[in-house]
Amino acid sequence: MQQLQAQLPVRLGEMRADAAAWYRPRFGPGRIMQNKPFTANSPGHVGRGGSGLRPRSVSDVSDVSDFNDNTRPYDVRDEEAPIEPFFTSVFQTALQNGLGIANKVVTAIEKLVGSSEPSSDLERLFKDARRLGTFQSTDTRTIAVLGDSGEGKSSLINALLHFPEIAKTGDIGAACTSVVTEYRQKTREHTSPITIEVEYLSKSEIEDLIKELLWNYRQIFLPEVEEDKVDPKDYARYQRESEQAWSALEAGFRHQRGFNKQLVSDMAEGGLEKATDQLVQWSHELEWPDGGNPGFWKATADTAEECCEMTSIFMEDRFWPFTKIIRVYLNAQVLKTGVVLADLPGLQDTNLARVRATQTYLMKCDNVFIVAKISRAITDQSLKSSLYSILARHAPVEWEESGVKSLNLAVVCTKSEDINQKTARREFCGPHKKISPLVMEQLDKDIEDAKKNNNSPLKKQLKRKQEFLLINARSSHVKEGLQNAYASKIPGGRLEVFCVSNTTYEKFSRKGNTEMVLASGIPELRRFCHRITAGAQLLEAKHFLQSVLSSLLSSVEIWATSSAPRPQVEDRGQDESIRDFLQEVKTEVSDTIRQSRTDFRDTFREVLFANCMKERRNHFWEDAAEAKGREWYSWHWSQYNAWCLNNGDHSTGKRGHLNWNSELIWKMRTELAFQWGLVEDEIPTVFEKLFQSIRACFLNLQSHLRGKWRIQRYASEPNDSSYVVSEMIPAYRAAAGESGTGKAARQRSIVQGRITNGTLFPHISAKIQAGIDQLVRKIFRDLRNAVNAVIELIASDVEMALASNPQRMGGARNQEDPEEERRKGELMAEIRELKKKHEELLASISKMLPGG
């Protein structure tokens, strides 16, 4: 029983770690949780450090040459690790030793069992030990890779993964930019080199998409949308959007005999309904590839080529318009520390449904890499457009008000090798410039001497060195320009910027030319990816070493000592009393979590809406929105029509840029901003109170034995996936569809009527509350499951401690069996020795542990 009492603080430590995971501050996007192999246990990495990343010892590139090309390809496991506690040799050694302890428990139990059948308790402990011996972390960080097609996104992903052609490159049409594709580390369940999972849209989601595609295609045929009646730029955009919608519709339905442009462009009364009904009916007849369940498809591949062939099925022909997400599981060094790379649709995809899908996914991401060719980042104008063109679409208000404080933004400039040396030399070489003219003149002289001496290898080496001096100078210029341009909008005033060459990396990684690979910039970017996940990996690894491993050792020790003589009748009554009390604790903890969930939800609602509702703030918000709408009444009908056509978000030379949706919710957003801050401050308090309540339950048991976030963006942003846009779009589109005499008046009446009919802000408020309720249910469901798992472990330990006549392998144990007692004694000795090693292990990293 003493072991069991000692075990409770360990279990309580697990509870604190698990509870902490649920209220860890998450500013902005949420976290995506998936299983993946833990870095320290990656096969074949013993001796390289558990992470597979070599400690920092590689010097900066001092020269660029071909002389170190060899037949052995570049090994990413040799890359230097980030300067983070998780990657230190001390912690990685402790982690390896912890895994070794778990595996020694497996060996000890196997030795005890021999050829016998283990008891149910011992079998459970054996499985736990074997699982921990190949410990897998669960925490990941998702990096969204954003940028236009042709900017080098797919090539960048191939380089980061060190897996050529896994992300298909080249021009394969709109399909290539229409499906979110995740790249994740393989788990234990993935036995093939590559596993592919595809989720596709449900019937209701397909119906919504069809309606969006029809709107985008038909807008070019709307009244007043003619080449001589609208701004040429606007007309060109409507035409482009219409063509893109047609390409999606054609891909999805061209196999149907009755599908043609006449069907979807019929502007007569009832024409839209007819086209919608027909396309929806055809979509219900769509036959997805074999090998999956409704909405889900799974397959395996041995090579990148085979993988691309399989994923291309969902990116082409009838499937890609209705494919939601593709997940590719593979073995890649950059993924082993919990990174998930997500290739998002290109920004030229102006279909509203696809834009919404990208925005929705983006809100789940932890970091965003903006990818743009380095040539676009030379002038100040392109510096701004390379970032703002993306952020203005996805989170314009957040960008304007807080920069990237919650977006965790980095910029990756690609194609750094694409340089005009004459222009670069003129710009970056000279007095008080990045390159001394003496250096370039000396290289010119050395190149000429090598040419005279017919020394081609040296000449090639010197030319490449000269080229990379210019490349590095330009990269430095671009980094400084971007960082200066956005210093005021970024915490600490520094934007992370990387200049890379995917081409250089691909070419020289095959040759094993380490210097050229480092010069490509890819290893530096990969190291940054590891830094992103280092904190989460450290927390989970600490929990494994400090709580989970301790729990295993204590449980095995309890089992090994559960051989007390059969108790008397009064002892049995005491046993039942303990079991009853344990059941009471389980019930009390469950009730505590349930009550905390209610309190948490009520806190959200009260802080955000109670005062607002008491003061009838919906009415004031509507008055402010109505006043804004009245301002637009005086506009010329052509301008009003243009804003309706663009869902309230448009710009002209005369009016400039104006987002009606942002203007409509300005008062609500301003008033709720303070309330969101209060909610964020309140969350840690609520969860600490919950933990203390649960802790009290466990301490009572021990004594007895002795004797926001995403929702905020939907509410506050005027982007295409926000609450306000979803409420206003029907009005905008109805207004845009008006024609004939009195059109302008009817348009104003439709839009203003939607603003003032008394439902706009109540609907937004209802959606916020529904989102809060859904979020709270998920958080506390996950928390309840984690707590219940710990309680079940305690219950198992209690049963083992109370076992009056423990089972033996295959039957009741004969306590007088000297051989069995001897083997159990050996197990006890082994476990106690392992516990000493575990204590030494914890001491070695004590400064990294809480209270250390």
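A residue is classed as buried when its relative accessible area is under 20%, as exposed when the value is over 50%, and as partly exposed in between. This classification was applied to charged residues in the predicted model, in which 25 salt bridges were identified.

One of these salt bridges joins the side chains of arginine 141 and aspartate 139, with an N to O distance of 2.9 Å. Arginine 141 has a relative accessibility of 8% and therefore counts as buried. Aspartate 139 likewise falls in the buried class, because its relative accessibility is 6%.

A second pair is found within a helix. Lysine 445 and aspartate 449 both belong to helix H14 (residues 437-452), where four residues, about one turn of the helix, separate them. Their side chains form a salt bridge in which the closest N and O atoms are 3.2 Å apart. With a relative accessible area of 48%, lysine 445 is partly exposed; aspartate 449, at 29%, is also partly exposed.

A further salt bridge, with an N to O distance of 3.6 Å, connects the side chains of arginine 531 and glutamate 496. This pair links distant parts of the chain, since arginine 531 lies in helix H18 (residues 522-560) and glutamate 496 in strand S12 (residues 496-499), 35 residues apart. Arginine 531 is partly exposed because its relative accessibility is 38%, and glutamate 496 is assigned to the partly exposed class on the basis of a value of 23%.

Salt bridges also occur in a connected arrangement: Glu182, Arg184, Glu199 and Arg327 are linked in a network.

Methods
Residues are numbered from 1 along each chain as its sequence is written. This is a predicted model: local features need pLDDT of at least 70, side-chain atom pairs count only at pLDDT 80 or more; totals for chains, interfaces and linings use all residues. Side-chain values use heavy atoms; hydrogens and water are left out. A salt bridge is a side-chain nitrogen of Lys or Arg within 4 Å of a carboxyl oxygen of Asp or Glu. Buried means under 20% relative accessible area, exposed over 50%, partly exposed in between (1.4 Å probe, protein chains only). Helices (H or I, at least four residues) and strands (E, at least two) are DSSP runs, numbered from the N terminus.
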